[in-house]
Amino acid sequence: MKKSESVFYSRGVFWIICIAALVRTCNGDLSYSVPEEMKKGTVFGNIAKDLGLSMKGLSDRKARIDMEGHEKRFCDLLGGQLVIADRIDREELCGSKPSCTLNYELVLENPLELHRITLQIEDINDNSPRFPKNEIRLEIRESAVKGARFPLNEAHDSDVGRNGIQSYSLEKNDYFTLAVNSNSDGRKYSELVLHKELDREQEQEVTLLLTANDGGSPPKSGTAVIRVTVLDANDNLPVFSQAVYKVSLPENSPLGTVVVTVTATDADEGANGEVTYEFSHISDKAARLFSIDEMTGEIKVIGPIDYEDKNDYELRVLAKDGAGLASNAKVEIAITDVNDNAPVIFIKSLNVPIPENVALGTEVGIINVQDKDTGENKHIRCSIQQNVPFKLNPSIKNYYTLVTTAEMDRELVGEYNVTIMATDEGSPPLSSSKTIHLYLSDVNDNAPVFDEQSYSAYVSENNKPGSSVCSVTARDPDWRQNGTVFYSLLPSEVNGVPPSSYLSINGDTGVIHAVRAFDYEQFRSFKVQVVARDNGSPPLSSNVTVSVFITDENDNSPQILYPTPDGNSFMTEMVPKAALSGSLLSKVIAVDADSGQNAWLSYQIVKSTDPGLFTIGVHSGEIRAQRDISESDSMKQNLVISVKDNGQPSLSTTCAVYLLISDNLAEVPELKDMSYEENNSKLTSYLIIALVSVSTFFLTFIILIIAVRLCHRRKPRLLFDGAVAIPSAYLPPNYADVDGTGTLRSTYNYDAYMTTGSRTSDFKFVTSYNDNTLPSGATLKRSPGDNSECLNFTSLDFTENASKCSTLVNN
C-alpha cells in the first residue's frame with residue numbers, strides 16, 4: 001500500500017512538472033492541461049507572462065476569472081498565476097467522455113477585454129475496475145460443447161484511455177478459459193469459453209475468480225467470483241429487438257417516466273426461455289437517475305434530469321435467460337432542453353460612488369447576463385426599466401457596460417436604484433431582474449448662499465462689549481466638508497480702523513458680537529462685509545453686507561453754551577431801567593449731544609430774586625420782562641435756569657443768570673458783592689445741609705475735591721474789577737447740532753461797555769479753560785460741507801477803545 005502511494009505521489013509530481021505549455025489561439029484564447037486530483041493552491045499557469053502583461057497591469061485592469069452560472073470554481077487567479085482552487089475529479093465532471101475540458105473567462109477592464117481559458121483535465125489512474133456485482137452466477141448445461149462461449153458482465157472503470165480497463169484474466173481451472181474482445185466503441189469485455197465438457201455427476205458447481213485490470217501506472221484491478229451451476233442443455237441466447245436503442249428525454253421529466261422499454265426474446269421453453277434484464281454497464285451518475293425493471297425491461301426515471309448538468313447518457317442492458325445465457329444491447333438517451341432557467345444577472349464591476357460631475361458616457365459598471373439553457377432559450381434581451389440617467393451598451397458576448405446618459409446633480413438626486421431586466425427568448429419567456437444601488441459622491445460645486453441679500457442690525461449705544469448684534473446664516477447644499485460653512489469678516493476699514501475693532505463673528509454659528517461699546521454721538525452707522533466660506537477643495541465663498549445702525553440713548557445732559565458754566569468767574573447782563581413788559585433781556589443757549597426727542601430742550605426758571613419780574617421761553621430760552629421795570633425793583637437780579645431734555649428718563653442742567661437793572665456802568669456796585677451774595681443764597685444753604693448729611697464722609701470728600709481741582713486747569717476770570725464781561729460760549733465735546741432740535745437758530749448781539757470809572761484800566765479776553773469753548777472774540781459757525789455739523793470758530797478783529805460785539809450764529 002505504501003509503495004502504491006509513493007508511486008502515485010511521484011506521478012503527481014511528474015504531472016506538475018510536465019504541465020502542457022500554453023497554447024495561444026488566434027482570437028486570444030488560452031489553453032492549459034491539468035491533471036486531476038492536484039493539490040489546492042498548485043500553480044499551473046502564468047497569465048501575466050502568457051498575455052505579455054505586468055503584474056501591475058493585471059491589477060490596474062482588475063483582472064479576474066469568471067465562469068458561466070454558479071458552477072463550482074476549480075481554478076483562480078493569484079498574483080498573475082493560475083492556481084488550483086479546489087479538488088478536480090475528472091470522472092465526476094466528465095464521466096466516460098474521452099475529453100474533459102473546463103472553460104473559464106479572463107476579464108480585463110479599462111478597456112474591456114475577454115480571453116477564454118480552456119483547462120484540459122488529464123485523467124490519472126485513481127479508480128480501480130469494478131464489476132456490477134461481486135458474484136456472477138452462470139447456469140450451464142452439461143451438454144454444452146467444448147468451445148461454447150458465455151458472456152460475462154463487464155467491469156466498470158471510471159478512468160478513461162489507458163487508465164481504463166485493458167484486460168481480463170481468469171483464475172486457472174480445468175474447465176474454462178477466458179476470451180477478451182473489444183466492442184464497437186473500443187470497450188473490453190470478456191467471455192467464458194468452455195475448454196472441457198462439464199459432468200454434472202462429477203461436479204455440480206464450478207467456482208472461478210475473474211480479474212479486470214486497467215493500464216494505469218501503477219495498474220489497478222477488480223475481481224468478481226464466477227459461480228457456474230451445471231444444468232441440463234440451454235442452446236438459445238436471448239435476442240434484443242434492437243442492438244441500439246436511441247431515445248430523447250425532456251429535462252425535468254417527472255419521476256417514474258418510462259424512458260424506453262427494451263425487449264429480448266429467447267427461443268427456449270420453460271425456465272430457459274424466461275428473460276430477465278439488468279444493467280451490465282452504467283455510470284454512477286446514471287445509476288442515480290435510471291432504473292430497469294428486471295421482468296419488463298422498462299427503463300424509468302428515478303432522479304432529477306437536468307440538461308444543464310448532463311445532456312446525454314449511455315446505458316448497457318443485459319438480457320439473461322433462466323439458464324444464464326445472456327446478450328447485450330446499448331441504450332442512448334439524449335436529454336432535450338426545456339426553457340427552465342431564467343437569465344441570471346451578474347454585477348461584474350461597479351464603480352461607486354459616482355462623482356456628481358461625471359462626464360456623459362462614463363462607464364460605471366459591467367454587467368454579465370447568463371442563461372444555462374440552449375438555442376433560443378439562451379438568447380437574452382437586457383434593459384433598464386426606470387427613467388434614470390443610465391443605459392446598457394452591449395459589449396463582448398453577454399457583457400453589457402452601464403454608462404451615464406445625462407448630467408447629474410447630487411443636490412437634486414443623490415442616489416439611484418437601477419433595475420436591470422433580463423428576458424430570454426424561450427417559450428414561454430423567462431425573465432429576472434436585479435436592482436443595483438448607485439449613489440453619487442459630492443463635488444464642491446455650490447457656494448454658500450445667505451438667507452438674505454443684506455442684513456441690518458440696530459444696536460443701542462452704550463451696549464455691553466460681547467453682546468450679540470445679529471446673526472447671519474448661509475446654507476450650502478453640498479455634503480459634509482463641502483457643505484460646512486465658516487464665517488469671517490472681510491478685511492476693510494470702518495472709520496479708518498479694521499472692522500474687527502468693532503465686531504467679531506463666531507466662525508461656526510455666524511453670530512456677530514460687539515467688541516466695544518458704541519457711541520451714537522461718534523458715529524451713527526457703519527457697514528461690514530461678512531464672508532461665508534465652505535470647507536471644500538477649492539473652497540467657495542460668498543459675501544453679504546451687514547449694516548449696523550447705532551440708536552441713540554439719552555446719555556448726554558444738556559450743555560449750556562451761554563451763559564458759561566459755573567466757575568470762578570461769572571457773567572452779568574445789563575437790563576435798561578426802562579425795559580417794558582415782553583422785552584428781550586437775555587437768552588440761555590443750550591445744546592444736547594443726543595438726537596431726536598432726546599435733544600428736545602425745555603427751559604424753566606427754578607429760582608429768581610423777584611419771581612414775577614422775568615419769564616423764559618419754554619423752547620427758545622429767551623428771557624423777557626414779564627412786566628415793566630420799576631424803580632422799586634432790586635438792581636441785582638439772580639435767576640437759576642433749568643434746561644431739561646425730552647429723553648426717558650430726562651436729564652437736566654442748571655445755570656445762573658445775573659442781571660443788573662441799570663442804564664450805565666457807573667451805577668453798578670462792585671460785582672464781587674454779587675458773587676458774595678450768591679454764595680449766601682439759599683442754594684448755598686442747601687449745599688451746606690447736603691454736606692452735613694454726609695458728614696461721615698467729610699474727610700474723604702475734602703480730599704476728593706482737592707484732587708479734582710489739582711487735575712483741572714484753573715478757569716481764568718473773564719471780567720476783572722469793574723469791567724463787564726462779553727459773554728463767551730461753551731461748546732461741549734462731540735457736539736452735533738440736529739436740525740430742529742437745537743436752540744441756535746436766531747442771532748443775538750450782546751454789547752459790553754467800558755467806563756471811565758473802572759478800577760482796572762484794561763479790558764482782557766482770555767482763552768477758555770476748555771478747548772471747545774467759544775473765545776470771546778470769535779463767531780460760532782457751521783463749517784460748509786461738514787457732515788458732522790461740528791462748529792468752527794472764526795476770529796474777529798477788535799479795535800482798542802471801541803465797543804465790541806460778539807455775535808453767535810447758527811446757519
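Predicted model: local features only at pLDDT ≥ 70, side-chain atom pairs only at ≥ 80, totals over all residues.

Author: Residues are numbered from 1 along each chain as its sequence is written, and side-chain values use heavy atoms, with hydrogens and water left out.

Reader: In what order do the strands S10, S12 and S13 form an open sheet?

Author: Strands of a sheet pair through backbone hydrogen bonds, either parallel or antiparallel. Strands here are DSSP runs (E, at least two residues; helices are H or I, at least four), numbered from the N terminus. Two strands pair if DSSP finds at least two bridges between them. In this case the order is S10-S13-S12, with antiparallel pairing. The edge strands are S10 (149-151) and S12 (176-182), each of which pairs on one side only. From one strand to the next the twist averages 35 degrees; for such angles, axes are lines fitted to C-alpha atoms, for helices over the stretch in contact, and the angles run from 0 to 180 degrees between N-to-C directions.

Reader: Over how many bridges do S12 and S13 pair?

Author: S12 and S13 (residues 188-194) pair over 7 bridges, in the antiparallel sense. Val 180 has Ser 190 in S13 as its bridge partner, and Phe 176 has Leu 194 in S13. The hairpin of S12 and S13 has 5 residues between the strands, and Gly 186 there takes a positive phi near 85 degrees.

Reader: How many salt bridges does a search of the whole structure find?

Author: A salt bridge is a side-chain nitrogen of Lys or Arg within 4 Å of a carboxyl oxygen of Asp or Glu. The search finds 26. In one of them, the side chains of Glu 278 and Lys 133 meet at 3.8 Å, N to O. Glu 278 is in strand S20 (residues 276-281) and Lys 133 in the loop between S8 (113-122) and S9 (135-141), so the pair ties together parts 145 residues apart in sequence. A network of salt bridges also links Arg 64, Asp 66, Glu 109 and Lys 348.

Reader: Is Glu 278 buried or exposed?

Author: Buried means under 20% relative accessible area, exposed over 50%, and partly exposed in between (1.4 Å probe, protein chains only). Glu 278 is buried, because its relative accessible area is 16%, whereas Lys 133, at 44%, counts as partly exposed.

Reader: Which residues form a nonpolar patch on the surface?

Author: Patches are made of residues with over 30% relative accessible area and no salt bridge: like charges are joined within 9 Å, nonpolar side chains (Val, Leu, Ile, Met, Phe, Trp, Tyr) within 5 Å. Accessible areas come from the Shrake-Rupley method with a 1.4 Å probe; for residues, only the protein chains shown count as cover. The nonpolar patch consists of Phe 701, Ile 702, Ile 705, Ile 706 and Leu 710, with about 440 Å² of accessible area together. Ile 705 belongs to helix H8 (residues 698-711).
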